Protein chains: 2
Amino acid sequence: MTNQDIFQLRLASYPEGLPNNEHFERTHDALPEVKDGEISFETTWISIDPAMKGWVTQKRSYMPPVAIGEAMRAFGVAKVTESKHPKIQVGDWITGMLGVQSAGVLDARLVRKIDTSFAPPEKYLGGLGMTGYTAYFGLFDVAKPEPGQTVVVSAAAGAVGSVASQLAKMHGCKVIGIAGGLEKCNYLKQTLKLHGTIDYKNQNVAEQLDKLAPQGIDVYFDNVGGQILDDVLMRINPHARIAVCGAVSQYENLDNMIGPKNYMQIITQSAIMQGFTMKDYIRRIPEAFTKLYNLEHKGELILRDHIIEGIDNFTEGLRMIYAGENQGKLLLKL
Amino acid sequence: MTNQDIFQLRLASYPEGLPNNEHFERTHDALPEVKDGEISFETTWISIDPAMKGWVTQKRSYMPPVAIGEAMRAFGVAKVTESKHPKIQVGDWITGMLGVQSAGVLDARLVRKIDTSFAPPEKYLGGLGMTGYTAYFGLFDVAKPEPGQTVVVSAAAGAVGSVASQLAKMHGCKVIGIAGGLEKCNYLKQTLKLHGTIDYKNQNVAEQLDKLAPQGIDVYFDNVGGQILDDVLMRINPHARIAVCGAVSQYENLDNMIGPKNYMQIITQSAIMQGFTMKDYIRRIPEAFTKLYNLEHKGELILRDHIIEGIDNFTEGLRMIYAGENQGKLLLKL
């Protein structure tokens, strides 16, 4: 592959359930010419995120879906190979919605320079990137736990969940992490040192919540929706806050999702369910980066990456993330 | 009936679906003796509220359920017939959770004196009472619409909904009221002069929302839940606020409610769903009363009562309220 080649994974059709190989087409073209204001880049890392299902649905969402024939949308980090924008130089590292492609040409205003002297480039996709920022703003601006409160996090061993769990713990909260499988729960207990863990694949979540949070739940950082959300709702305290970050248990059938049947508890407990996306926090990224970087640098924030390689493994990565098979932030190395 | 007699409707069993005659027992006893700190009273009006279903369910709620054998819980207004409390005199008017009973004895601290020189006693159960306060705090403290925003209110011809609709309109919002049947919609249009109305029994709510709120919905004051909540969710604007006041469409089967399947829209639109009960606002009742009283006195707030008579008609009133047959605040006159 030279700089002049571009391998892409293009959306071929909108999936009904979860996206897989049949919904993408692998293409190989020459890199387009770089025009004024544009840059070309060579991608080194691509982020695989649960949100991707939402990007390939025609259901109403926070941004238009990827168009058929367009490279699949993805966050990535890349090295600039040519620049016709005064503020970006060849050799600079950038991040943004670079797409599932080995290289590309983009309007320079759509990317953000990153400083790899702070951290290796792939960290800007994980705990020091959108993943970390999502956890940071979701926890402190939406969930707003107070020290001493009981915080439950679902998909707690996942990319966002593990950062949210650790931040809540550092904030002085009692943190209960829900994850699937013994390995993840051991990680939460032994490495992240959460106060309690629930293995939803092998334990009764409702019973364990009663046991681990007999005093009720003040804050829930929800990545999964479904039955676990209902189990939590039945145990929230007055004025509980639920930050709705995702509903990965429901992504298989976005057109026929199951809503939280216990949502009346938000009336009886004067509680709040609040959704959020990073759209509202773009201007505050420097604040989140600085906090997360400092914590990680001091060894107080533990970030775990799960790396797979090669553009042809992108759909396998998607499968893994919806099956909950990744151990930490799932990254595709090119 | 003398002051010494007390007719009660006592809870006989917890209903699976909606409560009806078979779940209550009508009793006739002598009034108990009034002890120190207590008062006796003769009830003149009883409020019939959608919340009553929640008071006779053993499902987790904001207060314990009515016990079997206990007089059915209800707000009422009454005249004091005997007092052993220094701050309450015989002849005073009081309100509180007086129960479905013709007379009673209560700890004086559980009731609140009302001033019938401001308004007739029954108004303290409707627009100038809990009903009005619920609309007031739900709108201004929970839904928080801004002037110029589009506000949708369900059960808009109901006791709470009609006050919330009018307050939102006076606040400078564009108000769309949803109600069942032509009579109610005409009332909303011609008497309350809302900007738009939708008859959910005879119109397609989703289509009408598209037509009446092409610019999207900023605030939803929800009394009904169910499909209408889902229709609204698909049309909320970024940072929309949903005040969850009730879910009367789901009260028939509290144990198997249907949650809002489109709740993911609160993520994509960074929206808030917030529940509330009057529990949090008890100390601010004077504020709400003063505002509502002044508006009603100036003729700016229109309150409509639907009066039925006699304790034996209580369950018929319950049936009416869940069937949406009442036109305005449903009151039982004794």
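Me: How far apart do the C-alpha centres of domain 1 of chain A and domain 2 of chain A lie?

Reply: This is a predicted model. The domain assignment gives chain A domain 1 (5–126 + 303–333) and domain 2 (130–279). Between their C-alpha centres the distance is 28 Å.

Me: How many residues does each domain of chain A bring to the contact between them?

Reply: Take the side of domain 1 of chain A that touches domain 2 of chain A: it divides into seven nonpolar, six polar and four charged residues. The contact as a whole takes 17 residues from domain 1 of chain A and 18 from domain 2 of chain A.

Me: Now the two chains. Which elements of chain A each supply at least two residues of the side that touches chain B?

Reply: The contact takes 27 residues from chain A and 27 residues from chain B. On the side of chain A there are 15 nonpolar, nine polar and three charged residues. The elements that each supply at least two are α7 (265–268) and β13 (272–275) of chain A.

Me: What kind of axis relates the two copies?

Reply: A rotation of 180° with 0.0 Å of shift along its axis superposes chain A on chain B, with an RMSD of 0.0 Å. The copies are thus related as by a two-fold rotation axis.

Me: Which residue of chain A comes closest to the rotation axis?

Reply: The copies meet through the same surface, because 100% of the interface residues of chain A are also interface residues in chain B. As for the axis, the C-alpha at 2.1 Å from it belongs to the closest residue of chain A, Gly259(A).

Me: Is Ile176(B) in β9(B) buried or exposed?

Reply: Strand β9 (residues 174–179) of chain B is mostly covered, with six of its six residues buried. Both of its faces are covered. One side holds Lys174(B), Ile176(B) and Ile178(B), so by the cut-off of 20 or more other C-beta atoms within 10 Å, Ile176(B) counts as buried.

Me: Which residue stands opposite Ile176(B)?

Reply: Strand β8 (residues 150–154) of chain B pairs with β9(B) in the parallel sense, over five bridges. With helix α3 (residues 159–170) of chain B, these strands make a right-handed β-α-β unit. Opposite Ile176(B) stands Val152(B).

Me: Which residue in β10(B) is the bridge partner of Gly177(B)?

Reply: Four bridges join β9(B) to strand β10 (residues 196–199) of chain B, and the two run parallel. The bridge partner of Gly177(B) is Thr197(B).

Notes:
Residues numbered from 1 in each chain as written. Chains lettered and ligands numbered in written order. Predicted model: local features only at pLDDT ≥ 70, side-chain atom pairs only at ≥ 80, totals over all residues. Contact = placed C-beta atoms within 7 Å. Nonpolar A, V, L, I, M, F, W, Y, C, P; charged D, E, K, R; others polar. Least-squares fit on C-alpha atoms with pLDDT ≥ 70 in both. Domains from an automatic or database assignment. Buried ≥ 20, exposed ≤ 12 C-beta atoms within 10 Å, placed from the backbone. Pairing = 2+ DSSP bridges. Right-handed = clockwise from strand over helix to strand, strands pointing away.
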